[in-house]
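User: I am new to this structure. Could you take me through it?

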Amino acid sequence: MTADYTKVFQDADAVEKYESVTYAPDTYASRINERQQAYLRGLVTREFGDRAPVQHDFACGTGRAIRTLHGLVRAAHGYDTSAEMMAKAAEVGSVAEFHQVPADGPVPEPVDAGLPALVTMFRLLLNVDDAIRDRALAFAAKALPTPESGLLVVENHGNASSVRHLRARRHSGQRWFAELSHEKVAELLGRHGFEVVERRGFSMLTQSLHAHPLARAADAAARRLPGSDAYAVNVLYAARRK
Ligand SMILES: C[S@@+](CC[C@H](N)C(=O)[O-])C[C@H]1O[C@@H](n2cnc3c(N)ncnc32)[C@H](O)[C@@H]1O
């Protein structure tokens, strides 16, 4: 599954679709992205104050996380297997140095750009196998050697304890319909010496439910309830080295 998944993003049509269909204005993904932007900008300001970090965005794709944090980081580096995705990132205005990395083999080296650092890893862990997950988190551990080095933020866009699970049961075994639990994320992070310091949910709805205005209103109310992030479909975890 992982080799196919990596190849998907090397196809010009898939790259175009990612940017102009998946993340078109007012889509499910772009609404979630807007909420994440507000949260991430607040998190970085709160955590780093006037010591702006260098961002290392692993599996950066079209640079969504890079554009989100532009102006709050000292410099940004994007790493990805797909030259096509990174070309699109530059085209849509993601300001960073881009680095193409192999899909497997030795853990890629983060550019030595000083500390503090912020590692972002969005929409990768869900759909790849454990070997690629471990390699990505080993990269993060290299960029963040100590608790004082900075923060890692990872996205899980298929939380297993959410309403999406009902669909996942129907699509079980099909390509790209993976699920990832909070426990699994914590275990993966823990294997690389990270502990989750904050967890935030960004939608209780699946993409198909997002089409219904009433469901969207219920989602907005539910997201304000304490503890609702446990059941969110889309979750961000901020983690620090132990
Ligand atoms: C769904 S896109 C996410 C892009 C971006 N992080 C975002 O959230 O919009 C997944 C990205 O992972 C990259 N990718 C796939 N396999 C990879 C691997 N083994 N190592 C690093 N990046 C990989 C793909 O090229 C693609 O750009």
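This is a predicted model: local features need pLDDT of at least 70, side-chain atom pairs count only at pLDDT 80 or more; totals for chains, interfaces and linings use all residues.

User: How many helices and strands does the protein chain have?

Analyst: The protein chain has nine helices and seven strands. These are DSSP runs numbered from the N terminus: helices are H or I with at least four residues, and strands are E with at least two. The radius of gyration is 17 Å, close to the 18 Å from the globule rule for 242 residues, so the chain is as compact as a globular protein of that length. That radius is taken over C-alpha atoms, and the rule is 2.2 Å times the number of residues to the power 0.38.

User: What share of the residues counts as buried?

Analyst: Of the 242 residues, 38% count as buried. A residue is buried if 20 or more other C-beta atoms, placed from the backbone, lie within 10 Å of its own, exposed if 12 or fewer do, and partly exposed in between.

User: Which residues have the most contacts inside the largest nonpolar core?

Analyst: They are Phe-58, Cys-60, Val-119, Met-121, Ala-136, Ala-140 and Leu-152, in a core of 54 residues. Such a core is a set of buried Ala, Val, Leu, Ile, Met, Phe, Trp, Tyr and Cys residues joined through C-beta atoms within 7 Å. Helix α6 (residues 130-143) gives the most to this core, with six residues.

User: What is Val-119 in contact with?

Analyst: Beyond its neighbours within four places in sequence, Val-119 is in contact with His-56, Phe-58, Ala-140, Ala-143, Leu-144 and Leu-152. Contact requires C-beta atoms, placed from the backbone, within 7 Å.

User: Turning to α5, which of its residues are buried?

Analyst: In helix α5 (residues 83-91), Met-85, Met-86, Lys-88 and Ala-89 are buried. They cover an arc of only 155° around the axis, which puts them on the same side of α5. The arc is that of the directions from the helix axis to the C-beta atoms. Their cover includes α2, α4 (64-69), β2 (75-80) and β3.

User: Is Asp-26 buried or exposed?

Analyst: Asp-26 counts as exposed, with 7 C-beta neighbours inside 10 Å. Its place is in the loop between α2 (12-22) and α3 (28-48), and its phi is near 75°, a positive value in a residue other than glycine. Arg-123, in the loop between β4 and α6, also is not a glycine and has a positive phi, of about 50°.

User: Where is the cis peptide bond?

Analyst: It joins Leu-115 and Pro-116, with omega about 0°. Pro-116 is found in the loop between β3 (97-100) and β4 (117-121).

User: Finally, which residues come nearest to the ligand?

Analyst: Phe-9, Ala-59, Gly-61, Ser-82 and Phe-122 come nearest, of the 18 residues around the ligand. A residue is near a molecule if its C-beta atom, placed from the backbone, lies within 6 Å of it. The shell divides into 10 nonpolar, five polar and three charged residues. Here Ala, Val, Leu, Ile, Met, Phe, Trp, Tyr, Cys and Pro count as nonpolar, Asp, Glu, Lys and Arg as charged, and the others, Gly among them, as polar.

Terms used: Residues are numbered from 1 along each chain as its sequence is written. Two residues are in contact if their C-beta atoms, placed from the backbone, lie within 7 Å.
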